[in-house]
Amino acid sequence: MRKDWWKALCVLILLYTIVVGLIVPLKPGIEETLPVSVDAGELLVLSVKGYNTDFVNAQDQRRAWLKLDDTHAVAANQLLTVDERRVRISFSIPASLPGNSTGQPASLIIDDPFHGPMVKPDAVMINNAAAGGSASLWTTSPVSDLHVRGAFRYPFRPILYETIRTIYYHVPMWFAMIFMLFASGWHSIRYMRFGQTVNDRWASALATTGTIFGVLGLLTGMLWAKYTWGTAWSWDIKQNVSAITLLIYFAYFILRKSFDDPERRARTAAVYNVFAAAMLIPLLFVIPRLTDSLHPGSGGNPALGGEDLDNTMRAVFYPAVIGWILAGLWLSQVLYRIRKLEHEVAN
Amino acid sequence: MKYRISTLIFLLFYLTRPALGHGESVDFMRDTGKIYVVVAVLAVIFLVLIGYLIYLDLKTRKLEKRIRHGSN
């Protein structure tokens, strides 16, 4: 029982990630703004619906801007608090857009000491209907002195909302899968070198749990995708390569089943498994970086940073990765022990 | 035994379905900041792991039978 301390650790970590992952609220944010477009030179009265907000609080110190870019913004004339979740903000849009463009989206920024800064990117489309007016008013009210609110809260992201928490349960599935499958490949290499049945048994048990984690990653990802990307399967590059990975490992299990002689089964399976593990590198690490993807950090390195994974989220995400890897080792170990007993009973 | 569990699971989902579908909002899953997507994700993980547990259970049962009857 003393060697099993890591199983207790696994349970504690997973409990922590589920409880903290679900209990910590999101930062306040801007859920909806109306209208969606306005002509330059007009008075815009923006109806704002907040998420996790309490607009009644600190309403005298609240400021708001419509921001075009780093040097062009216009401050609000008036802010009217309707209730906890609703404010009405009026802006006098300058008569012309800078650079004489025909239309430009503006981001809404609301700031006060209670909520901290809240941003809705591209909240309003500003159309330059009557070009020729002065655009200089855009530069007179810079966005400055934003408050910083240092609470332990997860970021508010449009479209994602509360599903940002899914990152604690979906992404560690892939980490665990990759760990199990590489560990399985390593045992297959060991089997080819030393020919010990132990290694073959470990390779097969680790491949089984790795595949289970792959299936879990795919299922949880499809569920998440349905409510954020619109469809469960959108032929995204990462969806495709992980489906191919699973097919490769399904073939591995079929291969194992098709041999009666345990020696031949172990040897053939080991060779196949080493190739399968080697295939993981181009499939999971190279190809997704080469093309565009709906996943964060498309066409580049994985987006394990910024607003998609800030420091509050890291405090849950990385323990979750460790916890699920330990869980995978535990599941593999039980399967390994059962297979070992089966073998001992048969002889 | 296997059929009884699956029937139970099916009934559980079938009976709770109308309660979920006819809520006040248009879409239950998109209500309350889509929090039920996270709940569903956790439920999927739970169910798959339970499925694996049942698989191990059946394997262990076979093993027990072999130990009990196959001592020749």
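**Figure 1. Helices H3(A) and H5(A) pack at an angle of about 50°, with their axes 10 Å apart.** That angle makes H3(A) oblique to H5(A), because angles under 35 degrees count as roughly parallel, over 145 as roughly antiparallel, 65 to 115 as roughly perpendicular and the rest as oblique. Axes here are lines fitted to C-alpha atoms, for helices over the stretch in contact, with angles running from 0 to 180 degrees between N-to-C directions. Helices (H or I, at least four residues) and strands (E, at least two) are DSSP runs, numbered from the N terminus. H3(A) passes H5(A) in a left-handed crossing; a crossing is left-handed if the near helix is turned anticlockwise from the far one by less than a right angle, and right-handed if clockwise. On the H3(A) side, look for Thr197(A), Asp200(A), Ala203(A), Ser204(A) and Ala207(A), which meet Ala266(A), Ala269(A), Ala270(A) and Asn273(A) of H5(A). Two residues are in contact if their C-beta atoms, placed from the backbone, lie within 7 Å.

A word on the model: it is predicted, local features need pLDDT of at least 70, side-chain atom pairs count only at pLDDT 80 or more, and totals for chains, interfaces and linings use all residues. Residues are numbered from 1 along each chain as its sequence is written, while chains are lettered from A and ligands numbered from 1 in the order in which they are written.

**Figure 2. H2(A) and H6(A) pack at an angle of about 45°, with their axes 8 Å apart.** This makes H2(A) oblique to H6(A), and the crossing is right-handed. Among the contact residues are Ile167(A), Tyr168(A) and Met180(A) of H2(A), together with Met313(A), Phe317(A) and Trp324(A) of H6(A). The residues of this contact divide into 15 nonpolar, 2 polar and no charged. Ala, Val, Leu, Ile, Met, Phe, Trp, Tyr, Cys and Pro count as nonpolar, Asp, Glu, Lys and Arg as charged, and the others, Gly among them, as polar.

**Figure 3. Ile167(A) lies in helix H2 of chain A.** Ile167(A) is buried, with 22 other C-beta atoms within 10 Å. A residue is buried if 20 or more other C-beta atoms lie within 10 Å of its own, exposed if 12 or fewer, and partly exposed in between. Leaving aside neighbours within four places in sequence, Ile167(A) is in contact with Leu309(A), Met313(A) and Phe317(A). Leu309(A) is 142 residues away along the chain, yet the two C-alpha atoms are separated by 8.6 Å.

**Figure 4. The largest nonpolar core has 55 residues.** A nonpolar core is a set of buried Ala, Val, Leu, Ile, Met, Phe, Trp, Tyr and Cys residues joined through C-beta atoms within 7 Å. Ala176(A), Met177(A), Met180(A) and Val41(B) have the most contacts inside this core. H2(A) gives the most to the core, with 14 residues. Not counting residues up to four places away in sequence, Met180(A) touches Leu206(A), Thr209(A), Gly210(A), Phe213(A), Gly328(A) and Ser332(A).

**Figure 5. Chain A meets chain B through 23 residues from chain A and 20 residues from chain B.** H3(A) supplies the largest share of the chain A side, 8 residues. By class, that side has 16 nonpolar, 4 polar and 3 charged residues. Chain B itself has 2 helices and 0 strands, and 10% of its 72 residues count as buried.
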